[in-house]
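Please look over the structure shown here before reading on. The briefing is meant to be read beside it, with the residues in view.

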Amino acid sequence: MGNVILGLLIISPGTLYALNKLFEQGISLFYSASLGSIRSALTVLLDRGRVTVTESVDNGRSKKTYTITDAGHAAFTEWMLAPIASGNPETIALSKLYLLGLIPADARASILENITARIARDLAQLEQLAGILDSLELPAEYREIFRYQRLTLEYGLMSHRAAREFFAQVSAGEVAPTAPTASTKPR
């Protein structure tokens, strides 16, 4: 979570509540975060010198605004460029994609390659498992249970294939979001 927060702070310094609002308004579709988990992540980032905090009073209320430091920028860039090693690969891949515009254009291809490679490795493991499971001889009383367990694996296979295809298309420049027009921009 800390790396996602660093990315958001690169875009603009913000308060705990502003960061929470950013998660609620879109990031929560792929990355679940509570106010408490964001607060904890900010504490860790402060302790590591990756963010600073400025206190002020706004309309009689104390306000803490968090800003990323040079060390925070370096940590964010290092995370973006690193292969996905642990955690939830789908959440990390989507987080990196969401923040990819913060990285220089010449480094984006390697990030997308790392994501695609991780998806391909995970897919290969799922396909191997499917092969093993499909070769089993099951007693009749377990076939109905297994059927739904195997369908769960099938969902994972389909999901990984779709993700692999999507990221390959993004890497090739074949998928691009529709830019907002004057008539679709919020007022």
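What follows covers the salt bridges and one backbone feature.

This is a predicted model, in which local features need pLDDT of at least 70 and side-chain atom pairs count only at pLDDT 80 or more, while totals for chains, interfaces and linings use all residues. Residues are numbered from 1 along each chain as its sequence is written, and side-chain values use heavy atoms, with hydrogens and water left out. The structure holds 6 salt bridges, a salt bridge being a side-chain nitrogen of Lys or Arg within 4 Å of a carboxyl oxygen of Asp or Glu. Helices (H or I, at least four residues) and strands (E, at least two) are DSSP runs, numbered from the N terminus.

- Arginine 118 and aspartate 122 meet through their side chains in a salt bridge, at 3.0 Å from N to O.
- Both arginine 118 and aspartate 122 belong to helix α6 (residues 105–134), where they sit 4 residues apart, about one turn of the helix.
- Aspartate 122 counts as buried because its relative accessibility is 14%, and buried means under 20% relative accessible area, exposed over 50% and partly exposed in between (1.4 Å probe, protein chains only).
- Arginine 118, at 13% relative accessibility, likewise counts as buried.

- The side chain of arginine 150 forms a salt bridge with that of aspartate 134, at 2.8 Å from N to O.
- This pair links distant parts of the chain, since arginine 150 lies in helix α7 (residues 140–171) and aspartate 134 in helix α6, 16 residues apart.
- Arginine 150 also meets glutamate 154 in a salt bridge between side chains, at 2.9 Å from N to O.
- Glutamate 154 and arginine 150 are both in helix α7, 4 residues apart, about one turn of the helix.
- Arginine 150 counts as buried, because its relative accessibility is 15%, whereas glutamate 154, at 26%, counts as partly exposed.

**A positive phi in a loop**

- Asparagine 59 has a phi near 55°, which is a positive value in a residue other than glycine.
- Most residues other than glycine have a negative phi.
- Asparagine 59 is found in the loop between β1 (51–58) and β2 (61–68), and it counts as exposed because its relative accessibility is 76%.
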